[in-house]
Amino acid sequence: MKKIVLFSAFVMTLASCQNAEKYDATGIFEANTVTVSSETNGKLIAFDIEEGDSLIVGQQVGLVDTILLALQQKQLHSQQLSAEKSSPDIVAQAAALRSRIAHQQNECDRVSRLLADGAATQKQSDDAYAQLRTLRGQLEGLLSTLDKNRGSITESASALQYQKEQVEEQIRKNCITAPITGTVLQKYAERGEYATPGRPLFKMADLDDIYLRCYFTVSQLGHIRIGQEVTVIADFGGDEQYEYPGKIIWIAQESEFTPKSIQTRDSRANLVYAVKIAVRNDGRLKLGQYGEVRL
C-alpha cells in the first residue's frame, strides 16, 4: 500500500511538471489605449457615447459650446469685407489726371510746331513742358499713395483672414472626434459638464489588434527574436483554452525584476525581459486576461 501511495504521488508530481512545461511564459493581454482630452474651455453641449461603443477614426462624438466663437467669426468676416471694399480704385482715381497729362502732351506738341514755324517763343515751349512734367510728377505721387493705401488695406484684410482661420481652428478643436478606430473603454465626462483644456473625456483602444505582455528569462533570450511566430494560449477557465497565432513585435533592451503576477519557466529567475506579442483578437480576448506563450 505504501508503494502504491508513493507511486501515485510520483505520477501526480510528474504530471504537474509536464503541465508546467506546456508554456514558456505567461502574461497579460493589453492594448495601446488613447485618452482623449478637451482642447478648449466650454460646456459640453453634446457628448453621446457610452462605454463599449465602437468608433471609427474621425467620427465626431461630442461638441463644446461654440456660440461665442461663431459670433466672433461673423464679426471678423464683416470686418474683412469692409476692409476689402475700402480698397481704392487706382484706375478710376488716376483717370482724371491721366486725361490732363494727355491734353498737356498735345499742347506741348502744338507749341513745338509753332516754335519751329517761328510763331511761338522758347519760353512758351519751356512753360508747356514744365507743366507736363509737373502733371506727370503728380500722377506718380498719386499712384504711389494709392498703391501704399491698397497694400495697407490688403495686409489688414489678410490679418483678419488669419484671425478667421484661428477662430475656425478653435471651432474645429471644439468638435470632439475619435483619434483611432476602436472601442470606448471608459467615459470620464457627461453632457452638460464644463470642459477645460487637458481634462480627460474618454479612453479608447483598438481591441482587434492587441498584444500579450509577457516576460522571458535570460536563458530564453537566445530562442526568441523580433518577428518570430509563436503560439499564444488564452485560458478561459476550466478546460476551455484557445490557441492564437502570435508574432513577437518588441523585446525590452533592459532587464527588470519579475512581476509578482507573472510566472516563467524558471521560477528562480529574478531578472527577466519584457516582450510584446501581437495577437489578432477574434472578440473573445479581453484586456487584463492571462495568456500563455509557447515557442
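Trainee: Which strand is Ala 234 found in?

Mentor: This is a predicted model, where local features need pLDDT of at least 70, side-chain atom pairs count only at pLDDT 80 or more, and totals for chains, interfaces and linings use all residues. Residues are numbered from 1 along each chain as its sequence is written, and side-chain values use heavy atoms, with hydrogens and water left out. Helices (H or I, at least four residues) and strands (E, at least two) are DSSP runs, numbered from the N terminus. With those labels, Ala 234 belongs to strand E11.

Trainee: Is Ala 234 buried or exposed?

Mentor: Here's the scale: buried means under 20% relative accessible area, exposed over 50%, partly exposed in between (1.4 Å probe, protein chains only). Ala 234 has a relative accessibility of 0%, so it counts as buried.

Trainee: Which residue in E15 is the bridge partner of Ala 234?

Mentor: Two strands pair if DSSP finds at least two bridges between them. Strand E11 (residues 229-235) and E15 have 4 bridges, in the antiparallel sense. Look along E15 and you'll find that the partner of Ala 234 is Gly 291.

Trainee: Which residue in E15 stands opposite Thr 26?

Mentor: Strand E1 (residues 25-30) also pairs with strand E15 (residues 290-294), antiparallel and over 4 bridges. Within E15, the residue facing Thr 26 is Glu 292.

Trainee: Back to Ala 234: which residues does it touch, not counting those up to four places away in sequence?

Mentor: Contact means heavy atoms within 4.5 Å. Leaving out those sequence neighbours, Ala 234 touches Phe 29, Glu 240, Gln 241, Tyr 242, Tyr 244, Leu 285, Gln 289 and Tyr 290.

Trainee: What is the strand order in the open sheet of 4 strands?

Mentor: Strands of a sheet pair through backbone hydrogen bonds, either parallel or antiparallel. In this open sheet the pairing is antiparallel, and the order reads E6-E5-E3-E8. The edge strands, each pairing on one side only, are E6 (175-177) and E8 (194-195).

Trainee: How many disulfides does the structure hold?

Mentor: A disulfide is a pair of cysteine sulfur atoms within 2.5 Å. Cys 108 is buried at 0% relative accessibility, and Cys 214 is buried at 0% too. The number of disulfides is 0.

Trainee: Why is the pair of Phe 47 and Phe 202 called what it is, and what is that class?

Mentor: Rings of Phe, Tyr and Trp (its six-membered ring) pair if their centres lie within 6.5 Å; planes under 30 degrees apart count as stacked, over 60 as edge-to-face and the rest as tilted. Phe 47 is in strand E3 (residues 42-47) and Phe 202 in strand E9 (residues 200-205), so the pair ties together parts 155 residues apart in sequence. Their centres are 6.2 Å apart and their planes at 45°, so the class is tilted.

Trainee: What kind of pair do Phe 236 and Tyr 242 make?

Mentor: Phe 236 is partly exposed, at 27% relative accessible area, and Tyr 242 is partly exposed at 27% as well. Their ring centres are 5.3 Å apart and the planes make 80°, so this pair is edge-to-face.

Trainee: Which residue has its charged end over the ring of Tyr 242?

Mentor: A charge sits over a ring if NZ of Lys or CZ of Arg is within 6 Å of the ring centre and within 35 degrees of the ring normal. Over the ring of Trp 250 you'll find the charged end of Lys 276, 5.4 Å from the centre. Over Tyr 242, at 3.6 Å from the ring centre, sits the charged end of Arg 284.
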